Amino acid sequence: MIVTDLHIRVGPHVAEALRTGQPVVALESTIVSHGLPRPDNLRVAREIERAVRATGAVPATIGMIEGALTVGLDDEQLTRLATADGVAKLSVRDLAVAAAAGADGATTVAATSAVAVAAGIGVFATGGLGGVHREAFDESNDLITLARTPITVVCAGVKSILDVGATLERLETLGVTVVGYGTRRFPGFYITDAGFDLDWSVETPEQVAAVMAARRAQGVHGGGLVVANPLPLDEQLDPELHDRTLAEGLEKLRGEGITGKAVTPFLLAHFHAATEGRSLAVNVRIILRNAELAGRIAVAAAA
Ligand code: PSU
Ligand code: MN
C-alpha cells in the first residue's frame, strides 16, 4: 500500500484534551500485542484505558496502523493491534521504515516515549522498562531513549528477567532520573523489591508534579523521569516460583537460540505459560496500578 500521510495522527479525544490543557497519559501498545497473551490482551488494554479515565485523565494509547503513527488509538484500532497477525514491534529506529512500508506496529517504551513527547504528552504508564539483559550483550533501546526524552514514566521498575543492577548503573550513566514511589528500594516488576537502593523517593502524585515543574523551570535536564511504583508485597509473584521460572526461561532461550527483540516477548510468554496465569494476573495488576498512578500524576501536573 502507498502511504501518503507520514505525520503523527492524534485521535480526536486526545487532540481535544491537549488543546484544552486536560491531563493526558500515554500508553504503549507492545504490552498489548507482544507482552500479554491473547485473548486477555485486548480486555486488559481496555482496562488500562479505563484505569486512566477513572482518575480524570485522558488515555492516549500509541501505535501504528497501516503506516500511520497514531496517538490515541480508537477501540477498533486497539482491537486490530491486539488481534491481527504480523504486528511489528517498533522501537524508535523502526518508526520511519514501518511508516513508509504501511505496516501495523506496536510501540515499545522507547518509541512510545519519543512519540508522546513529540505530540506534547508528558506522562506515560507502562509495566516495566526494558534494560540490560542477563544473556549475551543485549541492552534495550528504552534506556538510551529515556536519556534524551523528557517524559515521566510510571513503571514497576525494570523487568526482573533483566540484570537489574546493571540496568540501574546504565540509568545512572545515561542521566535518567529515578525516584521510588513510596519506597527507597527499586522494584523488579513481578517482584516488589529487586534488591537495590534508590537515592530518592516521593510519596504523592503532587510531589511528582513538583519534580516535573522544577525540571521545566531549571531547563537543565532533558531526559526522562522514572517513577518506580512497586507492587505491594502481598501481590508480588512468589519469589521462589519467579526464580525457578526465570531459570527455565533462560535455559529455553539458549536452547532455541532466541535473540534480539524477540527475547523479551519470549521470556514474558514463558512466564505466563509456566506459571499457569499467575504471572499474567500479577502483570495486569502492575499495569493497572501504574495507569492509575500516572493518571493522578497527570492530573496533579495539569492543576
Ligand atoms: N513491560 C511489560 N510488557 C512488555 C514490555 C514492557 O509489562 O511487553 C515491552 C515494552 O514495550 C518494552 C519492551 O519497551 O518490552 C522492551 O523490549 P526490548 O527488551 O526488546 O527492548
Ligand atoms: Mn534487545
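Helix axes are lines fitted to C-alpha atoms over the stretch in contact, and angles run from 0 to 180 degrees between N-to-C directions. The model described here is predicted.

Two helices pack against helix H12. Helix H9 (residues 205–218) and H12 pack at an angle of about 55°, and their axes lie 8 Å apart. H9 and H12 are therefore oblique to each other. Their crossing is right-handed. On the H9 side, the contact is made by Pro205, Glu206, Val208, Ala209 and Met212. On the H12 side, Leu293, Arg296, Ile297, Ala300 and Ala301 take part. By class, the contact of H9 with H12 has eight nonpolar residues, no polar residues and two charged residues.

Helix H3 (residues 40–53) also packs on H12 (residues 278–302). Here the angle is about 25°, with the axes 8 Å apart. Because angles under 35 degrees count as roughly parallel, H3 is roughly parallel to H12. H3 passes H12 in a right-handed crossing. From H3, the residues in contact are Asp40, Val44, Glu47, Ile48, Ala51 and Val52. They meet Leu280, Val284, Ile287, Leu288, Ala291 and Glu292 in H12. The residues of this contact divide into nine nonpolar, no polar and three charged.

Strand E3 (residues 58–65) comes next. Eight of its eight residues are buried, so E3 is largely enclosed by the rest of the structure. Both faces are covered. Val58, Ala60, Ile62 and Met64 lie on one side, and Pro59, Thr61, Gly63 and Ile65 on the other.

E3 pairs with strands E2, E4 and E6. With strand E2 (residues 24–27), the pairing is parallel and runs over four bridges. Val24 has Val58 of E3 as its bridge partner. With strand E4 (residues 68–71), the pairing is antiparallel, again over four bridges. Met64 is bridged to Leu69 in E4. E3 and E4 form a hairpin with two residues between the strands. In that hairpin, Glu66 takes a positive phi near 45°. With strand E6 (residues 105–107), E3 pairs in the antiparallel sense over two bridges. Met64 is involved here too, with Gly105 as its bridge partner in E6.

A further pairing involves strands E7 and E8. Strand E7 (residues 123–125) runs parallel to E8, and three bridges join the two. Ala125 has Val154 of E8 as its bridge partner. Within E8 (residues 152–155), Thr152 and Val154 point one way. Val153 and Cys155 point the other way. All four of these residues are buried.

Ala110 was examined individually. Its place is in helix H6 (residues 109–119). Ala110 has a relative accessible area of 1%. Buried means under 20%, so Ala110 is buried. Neighbours within four places in sequence aside, Ala110 is in contact with Ser91, Val92, Asn141, Asp142 and Thr145. Ile191 is 81 residues from Ala110 in sequence. In space, the two are 23 Å apart, C-alpha to C-alpha.

Notes
Residues numbered from 1 in each chain as written. Chains lettered and ligands numbered in written order. Predicted model: local features only at pLDDT ≥ 70, side-chain atom pairs only at ≥ 80, totals over all residues. Heavy atoms only, no water. Parallel < 35°, antiparallel > 145°, perpendicular 65-115°, else oblique. Left-handed = near helix turned anticlockwise from the far one by under 90°. Contact = heavy atoms within 4.5 Å. Nonpolar A, V, L, I, M, F, W, Y, C, P; charged D, E, K, R; others polar. Buried < 20%, exposed > 50% of the residue type's maximum accessible area, 1.4 Å probe, protein only. Pairing = 2+ DSSP bridges.
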